[in-house]
Amino acid sequence: MTSYVSDPYSYADDDAYDDDDDDGMIIPTHDDRYDYDYASSSDDGTKASSSSSDTDDSARRAKKNRIERERELERSSPEALKLLYLMYMYTSDDDDGVVWGDPTSSSTTTSKKSRRASPCWFRQLPILVLIYEGIVRGVFDYDYAPQAVSVYGGARIYLNISEEGRDDLDDLRELDMLKALKVTSEQYNHATLLKITTKGVEFVKRVMANNVLTAGMRKAVDSLIFEAGSLIQVRYDSAEKKFYLAVPDMNFSIASTITDIEEVPYVSSPYIVPCMLANVAFTPDVAAGHRRAQRILASRNTGGRGIRDSHLDQSLALDDVKLFVTEWVPMGSNEMVSFCTKLGTGERVPGGMFSERALDADEFDMVVAIGAEHKTKLVVLDLDETSYVNVEAELLQTATQKTTQATQVENFGVNFSETGVITYGLYVNGIADRVQKNISLDLLARLLSDVYEDTSYLVSNLFSAYQRSMLDMAYKGEADNREKFVCIMADRITPKLRAEEYMDDENYENELKQVIGATFNAHDLSGEEIIVFGSQGVIICGPNSSRHDRMLSMYCALQARSSFIKSVFSSCFALADELKRTRALVDDYQSDPTNVIRIRERLSSHTSAVTVLYEIQQFILESLESIDPSLEAMMPSSSIKQGALYDSAAKKLYDLLDLEGTLKRTRRRVIDLQKVVSACFNDLEALRDMSQVIGSTRKLQINQMIEGTTKNLEDAFRAQARNSTTLEVTQVILSGSLAFDILDRLTGQYLSYTEIRWANESIQPYLVNEPMVWFTLNVIMWTILGGGIIYLMRHLAYMNLSVETKKLLLNKPIHVKRWRRFVASRNMESIACKEEKGERVTKYGWIEPVNVIKWQGSSPKIEVTCDERYGYILSSVILINKRTCKLTADECWRIFWHDNFEVKNIYDPTRNEFNAETGKRVDTSAQASDDEDEDAAAPAFGASMWQKSGFSSSFSRKSKHDIDDDGSDSDEYIGRDFTYEGFVAERNDAASRL
């Protein structure tokens, strides 16, 4: 069953729509298309005072501009009109009698649109999902490209996003047709909510009345957003990471393909930024890569490209493209040495093939099967073991290539630096049907999404476990989808325009946004070079633009740190919220008995998180220490001639990048991050103190309870002593009555009213008639009987007071079925079961069957605690009466263990072996006998020996497995190793005692 999150927005009830004509619509109209004109504005301006004339002129110009844009929207933006109509259907609060027909029915039956109980807002992400579905179904004439987007829960996934649709949404917001609401989740993930304004509602009604928004356009949108008369809801399944178009009332849902990123065939060659190379002799043969691309892509017949959008438009194209992707991960000198060790740099043949799959710690098979998914071949080019290493990586096969027909030849040049900066570079030899020249930004966006994903898999098995834990902390468990920064360099861009002309808020800028995110600004470096800055990368175009590699790589490294700091900062605030929840548990710990346990678990988790965040902050701060952003250090070596700088384009680029200012801002952010981490640490310390107070309070309460219980027990003991004395006195008195009755019956005095000749003749004259004789005789009888009863009771108490108890900690594996058969054969006095945290612990208590010869007296009482779910005997207690049994508790336990656990094979020694290196139990279940239904046929050796000879036996098991887990040789253990001579000696000792 698919589990959905709550609806991202509110929805209207069933709407109706007349697909034949507009006669059924009751729409309020206006005499004129606009409620304002220029004349009225001009009149207002002439009446204004001279001091406010400039302000009025600005307002009139802004109003005139808005009117012109609205007219332009009506004349030439049908897609924006359809998008506004979509927003109207979902978020309008209109209830003024607009009537729609059912888009799924040919009848003209209509129903009034129900008014929503509260204003509804539409999340921007579901709007983008509907826009994509509209593109695929031919409703919208937009282009789309894959982009990484944060979705529910903060996870970053790649979606097919239409920048043109997003641009129309922004245009509608600028025209006050839509309004936006910014919200933040509990995980500090930001989202934008949209809603149509009153002006937007009036505009929609006006364009429908004037048939600018035609019935065909509305019908197309209705076919997208309606299913059986109900508005479709967009939902997200966080488990499957898919979006669904659903109608809950109909139990209908269909998966959207917005998460299915289209794979394009491409060929790339490795590229390493020249300033990162110590060995300048490394020069990849780019021409050979182009020839290979021509051969591979032409043989694959890639003209169709496999893109679902059949009307893909191309506005911009690049020639001779090379790019490098930069990310920052926590790394130091020791991590760098470990990194080089994994790459095998100290071996004769360094590098090799690597896989993202890690073998288990205890796995040692002669032959290991490794799948080809995400297998990478690495070749080490040059290195400094503590500073950097440059490698050439070739992805032999990826999961994408196994599921698609796209041929992807992926070769990267990778630079790993001790500062934590990782740079992946490649030449784009060809994409789809384009080789070297005329590389479309639409195709390049699809290549970049694949590069971002594959570079994460490329280094996943090279990171240490500690690095992965820091990445998971920073990216909230989504380290594989971490953010990266890209720099795209091209020798030429087509068409060649001035830089500001690319920032047109339309086709050019929308295509640039597909590869570098939201665009900030563009600049002309020279007559042939331009640069465009974006939120996720930069594009620099012009001949020999790669000479700026030093400045660009420094800028990308600082931006990568900035993205990482942003993620860490968000994690710090998420941790602060978790600390607040823990504080609430501490304040209310008495309401739930499990709160104390939960508090301890959460404090342990918070301690690990704060430690990791602090070390991340230190790693970032240390990585900024060795950076030199000065102009002399950043200028290309080819631009330095006899100490003079003459490259004007490079100097202008240096001023635009503002490396020194960016470095200072980054350092201030890292220091500010330290304050946030310190605040979290202080809150954690306060919570620890409060937790200790809780512990002390609980101890005080327990001590008070113990003190009260002890006082009650003391009072009970005194009362019992008084009752015991009273009982003894009562027994003596009752024994007197019994003694008198016995004496009367012996002498016949109880029939004194009857003439008994023998009593009258033999007893009456001598015992009764004599003074004090009969009384003395009664007292003597009372004394004898009372003393005898008191002696008997004290003797019985004496015999039961000498009890020897032996407690054993076992933790031994057992066969559960055989153990249960044994339990069924005993007369249980008590059974107690306790289930907690996945364990089912049962305590059995019984007295062994009577066997005077075997036990040399009374039978012992046994108590055994075992975990029957996992098959372990945990502990045992044996009690014997020393005055009724001649054996010791240790000897009784040895006899009991041998006759029942060893002879009957209840004990399973095959599961009690340990790995000397890891300390874990060795899984020998395949070697052990699993047939627990077969009992051992051998007789109980110990029992037969006792029955024949009557000797007590102290023999013990002869396996090291029989010794308790802590390895001690104290009396609490089951036994120790014996030789045959020792056994004979003990048997002779037992015989001598008998």
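In this predicted model, E529 is buried at 3% relative accessibility, buried meaning under 20% relative accessible area, exposed over 50% and partly exposed in between (1.4 Å probe, protein chains only). E529 forms a salt bridge with R547, the closest N and O atoms lying 2.9 Å apart, where a salt bridge is a side-chain nitrogen of Lys or Arg within 4 Å of a carboxyl oxygen of Asp or Glu. Because E529 lies in the loop between β23 (519-524) and β24 (530-534) and R547 in the loop between β25 (537-541) and α15 (549-587), the pair ties together parts that are 18 residues apart in sequence; helices (H or I, at least four residues) and strands (E, at least two) are DSSP runs, numbered from the N terminus. R547 is likewise buried, with a relative accessible area of 16%. Residues are numbered from 1 along each chain as its sequence is written, and side-chain values use heavy atoms, with hydrogens and water left out. As the model is predicted, local features need pLDDT of at least 70 and side-chain atom pairs count only at pLDDT 80 or more, whereas totals for chains, interfaces and linings use all residues.

The structure holds 28 salt bridges. Among them, the side chains of R840 and E868 meet at 3.5 Å, N to O; R840 lies in strand β30 (residues 839-847) and E868 in the loop between β31 (861-867) and β32 (872-881), so this pair ties together parts that are 28 residues apart in sequence. R840 counts as partly exposed at 30% relative accessibility, whereas E868 is buried at 9%. In a further salt bridge, between D899 and K854, the closest N and O atoms are 3.3 Å apart; D899 belongs to helix α25 (residues 889-902) and K854 to helix α24 (residues 852-855), so parts that are 45 residues apart in sequence are tied together. Both D899 and K854 are buried. Salt bridges that share partners join R820, E835, R840 and E868 into one network.

Helix packing was described for two pairs. Helix α19 (residues 659-747) packs with helix α22 (residues 773-801) at an angle of about 130°, with their axes 8 Å apart, the axes being lines fitted to C-alpha atoms, for helices over the stretch in contact, and angles running from 0 to 180 degrees between N-to-C directions. That angle makes α19 oblique to α22, since angles under 35 degrees count as roughly parallel, over 145 as roughly antiparallel, 65 to 115 as roughly perpendicular and the rest as oblique. Helix α3 (residues 78-91) and helix α4 (residues 124-136) pack at an angle of about 130°, with their axes 12 Å apart, and α3 is therefore oblique to α4.
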